[in-house]
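Trainee: Could we sit down with a model and go through how to read its features? I'd like the general idea, then the case at hand.

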Amino acid sequence: MHLAKVELVNWKAYVGEQAFRFPAPTRRKNVVLVGAPNGFGKTSLLEAIAIGLYGREGLGLVARADSSGDQERKRQSYRAFLQSAWSTQAIDEADLLMKIELTFEDSDAGDDATIVVSRSWTFSNAGVLGDGEELSIFKGLKRRRIVPGKHDEPEDYFRSWIARHLMPSHLAQFFLFDGERVQALANRDMASQVRMGIEGFLGVRLLRDLDDDLDKYVRKERSGIQSVHSDTLHGLRTRRDEIESSLVVLGQRATDLEQERNLSQKLDEDLKGRLGSMGGGSVASVKRLLEQKQGVRTTIDSLTEKLLEVISGDLSIALAGRVLRDQLLDRLNAERKLEESRSAMETGSAKVERFIHALEGAHPAFDPSLTEAQRTTLAAKVRSAWTAIWNPPDEGCASSIRHSSLSNIDRSEVSTRLGRVRALGDRELEDLLHRLDHLREDESRLERQINSLSGIEEPLRKLTEEFTQSTRRTAELHQSLEATRREIAALQRELGETRARLTAEENRLELNKPLEAKLALAERIRELIGPFIEEATAERVNDIAERMTEAFGAMAHKSLVRKIEISDDCQVRLLTPENFDVRSLDASAGENQVFAFALISAIHQAAAVRFPLIIDTPLARLDARHRENVLRHFADNGGEQIIFLSQDTEIVREFKAVLESRIAKTYRIDTEKRGRRTLGRARLLENEYFS
């Protein structure tokens with residue numbers, strides 16, 4: 001895999017359309033030299049390759065850009081960098097396009113030998129960068145366009161495609177770098193250098209980003225989820241079981257009372273018949289009075305039962321006060337409207353994607369056709385507009401659901417009952433009590449009359465007394481039965497409410513299960529990331545140490561170091577044949593830089609990625625012997641293609657001679673001049689170099 005062409009349009013000093021063309025490397029000719037004095041566009045070429053390949057992710061490879069901070073800050077920094085990268089001379093020529101196009105060729109890939117990665121940006125007439133970035137990838141001699149799948153997110157898809165077919169972004173720092181980056185690495189202590197190098201090689205930054213993303217995801221979802229406490233579920237289930245057990249006991253009691261009352265009623269009828277068979281006016285009078293008394297008692301029992309129903313039912317709600325009832329009624333109506341609004345939004349949301357798809361194919365067609373970035377933006381705006389229609393909710397909707405255990409049907413039933421309670425007045429209750437007082441007076445009067453007649457005859461008196469006791473017993477049994485039934489009814493209502501709450505909590509728990517499983521998996525992955533990084537780093541140290549030993553021996557002009565040893569925690573020892581650690585000796589800046597080069601070389605070789613090695617200003621701070629060794633080592637071990645970007649004091653004269661037999665092509669970047677005026681406009685001189 002080699003870089004065949006770099007085409008730049010209005011990129012920094014490269015005004016208009018300019019292109020570097022590199023020949024296919026061979027085993028003997030694998031070096032390209034690009035020479036330019038400082039400020040002529042040499043580093044701009046390296047930046048263009050990094051940005052062209054990776055876009056915003058490539059900003060971390062650009063020494064002059066601020067790529068720190070969160071995602072929003074990186075996005076702003078990327079935009080600011082692109083704004084400053086556009087050639088201002090293009091404004092005068094009304095050329096509003098900036099583009100980087102990289103062409104790679106692979107001699108082993110047959111018809112798919114060519115890969116073209118093109119990024120372009122447009123500017124307004126005032127020189128302001130537009131919102132979109134156009135990324136296109138073509139493959140093969142017929143320039144087959146690579147297109148994301150229907151359900152792929154374009155940015156993620158292209159990032160993954162470039163990583164698979166060219167090089168992952170986390171390895172780019174070992175293939176695209178400048179002298180400043182090498183010096184920055186050399187200024188670290190050796191352990192920090194090695195750890196940073198191995199972690200970069202393993203893509204640890206991606207794992208750390210994943211850890212941060214998972215942490216944000218878990219915290220965000222945890223804050224929005226309605227938690228279900230196990231204590232609440234346990235309490236509801238326990239109360240449900242208690243009520244069901246009590247209902248069984250009360251049901252049996254009600255059955256027993258009903259049977260006993262029925263027997264007592266039969267006894268009443270039997271005694272009444274016996275009284276009737278005794279004949280005589282007094283007996284007839286007693287019988288009539290007893291029947292009247294029984295009728296009064298029946299009415300008293302009925303009204304008492306009705307009074308108890310009022311007291312145990314709607315009266316307790318009525319006593320809460322009209323203001324509180326009206327507030328609850330208004331709240332339930334507002335929650336019902338909110339539920340209906342959410343339901344309408346969810347029902348319509350399923351059709352938004354169909355609407356977006358239909359919009360793209362509807363007539364008339366967009367002219368000119370929308371770019372992929374514009375289609376993505378249009379779809380995002382449609383989704384955002386749909387969401388905005390429902391936020392904030394319509395007037396009259398509640399801001400949140402406070403009574404989450406109630407369905408809209410439940411809310412309607414509660415509202416109906418509250419309306420019934422509103423109709424319950426003090427007059428109705430007063431009438432009930434007044435009627436009961438009169439009935440009890442009538443019962444007492446009849447009792448006195450019966451007693452007065454019963455004294456006429458002893459048998460009649462005894463029978464009357466027995467009948468009176470029997471009817472009293474029947475009334476007591478009836479009252480006990482009705483009280484038991486009321487208790488059963490109250491428990492059944494409570495059981496229904498408890499089951500409803502329990503069902504709501506269990507449904508919420510069931511709904512939360514998939515999300516809880518995802519959150520648990522996310523937290524488990526986070527727990528594994530740290531140990532995995534440590535284990536993966538420890539596994540690679542021996543391989544990196546062996547490759548560093550070889551590279552360091554080839555580049556350092558001192559022969560003191562026999563072996564570079566790296567521990568699992570990345571501590572470094574530079575051992576002599578006598579196992580003396582020379583780190584205790586003061587190393588020069590050049591030797592530290594050679595150590596950094598050895599680390600880069602070791603990781604570059606361990607990565608086994610077929611990608612060009614591009615080094616900008618590589619020889620700063622190195623003495624002559626080190627320069628020769630570094631150039632020779634990378635020319636021999638740098639892979640299929642090595643591109644050196646050199647200033648006019650670096651790879652010249654005897655240092656250029658070290659590479660002479662391997663040079664496949666040279667370029668010199670000059671600046672266009674008109675008269676005595678320098679335009680700052682790069683001019684590419686092919687097959688030329690510093691004299």
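Mentor: We'll go from the whole chain to ring pairs, charges over rings, a surface patch and a few single residues. Keep in mind that this is a predicted model.

Trainee: Starting with the overall picture, how many helices and strands does the chain have?

Mentor: There are 18 helices and 14 strands. Of the 691 residues, 41% count as buried. The chain exposes about 37500 Å², and carbon and sulfur atoms supply 50% of that. As for contacts with a separation of 6 or more, 73% come from residues 24 or more positions apart.

Trainee: Okay, on to aromatics. What describes a pair of aromatic rings?

Mentor: You look at the distance of the centres and the angle of the planes. The structure holds 13 aromatic pairs. Take tryptophan 86 and phenylalanine 123: their ring centres are 4.2 Å apart and the planes sit at 10°, so this pair is stacked.

Trainee: And where do those two lie in the chain?

Mentor: Tryptophan 86 is in the loop between helix H2 (71–85) and helix H3 (89–92), while phenylalanine 123 is in the loop between strand E5 (114–122) and strand E6 (134–139), so the pair ties together parts 37 residues apart in sequence. Tryptophan 86 and phenylalanine 123 are both buried.

Trainee: What about phenylalanine 175 and phenylalanine 611: which arrangement do their rings have?

Mentor: Edge-to-face, because the planes are at 85°, with the centres of phenylalanine 175 and phenylalanine 611 6.2 Å apart. That pair links distant parts of the chain, 436 residues apart. Phenylalanine 175 is in the loop between helix H4 (154–165) and strand E8 (176–178), and phenylalanine 611 is in the loop between helix H16 (589–607) and strand E11 (613–616). Both phenylalanine 175 and phenylalanine 611 are buried. Ring pairs can also chain up: here they link Tyr14, Phe20, Phe22 and Tyr667 into a cluster.

Trainee: Now the surface. Which residues form a nonpolar patch there?

Mentor: Leu210, Leu521 and Ile525 do, with about 230 Å² of accessible area together. Leucine 210 is in helix H7 (residues 204–224). With a relative accessible area of 34%, leucine 210 is partly exposed.

Trainee: Last topic: single residues. Is glutamate 335 buried or exposed?

Mentor: Buried, because its relative accessibility is 0%. Glutamate 335 is placed in helix H11 (residues 322–361). Leaving aside residues up to four places away in sequence, glutamate 335 touches Ala398, Ser400, Ile401, Arg402, His403 and Arg411.

Trainee: And what does lysine 293 touch?

Mentor: Glu443, Leu446, Glu447, Ile450 and Thr468, again not counting residues up to four places away in sequence. Lysine 293 lies in helix H9, and its relative accessible area of 11% makes it buried.

Terms used:
Residues numbered from 1 in each chain as written. Predicted model: local features only at pLDDT ≥ 70, side-chain atom pairs only at ≥ 80, totals over all residues. Heavy atoms only, no water. Helix = DSSP H or I, 4+ residues; strand = E, 2+ residues; numbered from the N terminus. Buried < 20%, exposed > 50% of the residue type's maximum accessible area, 1.4 Å probe, protein only. Contact = heavy atoms within 4.5 Å. Phe/Tyr/Trp six-rings, centres within 6.5 Å; stacked < 30°, edge-to-face > 60°. Patch = residues over 30% accessible without salt bridge, like charges linked within 9 Å, V, L, I, M, F, W, Y side chains within 5 Å. Areas by Shrake-Rupley, 256 points an atom, 1.4 Å probe, with all protein chains shown as cover. Salt bridge = Lys/Arg side-chain N within 4 Å of Asp/Glu carboxyl O.
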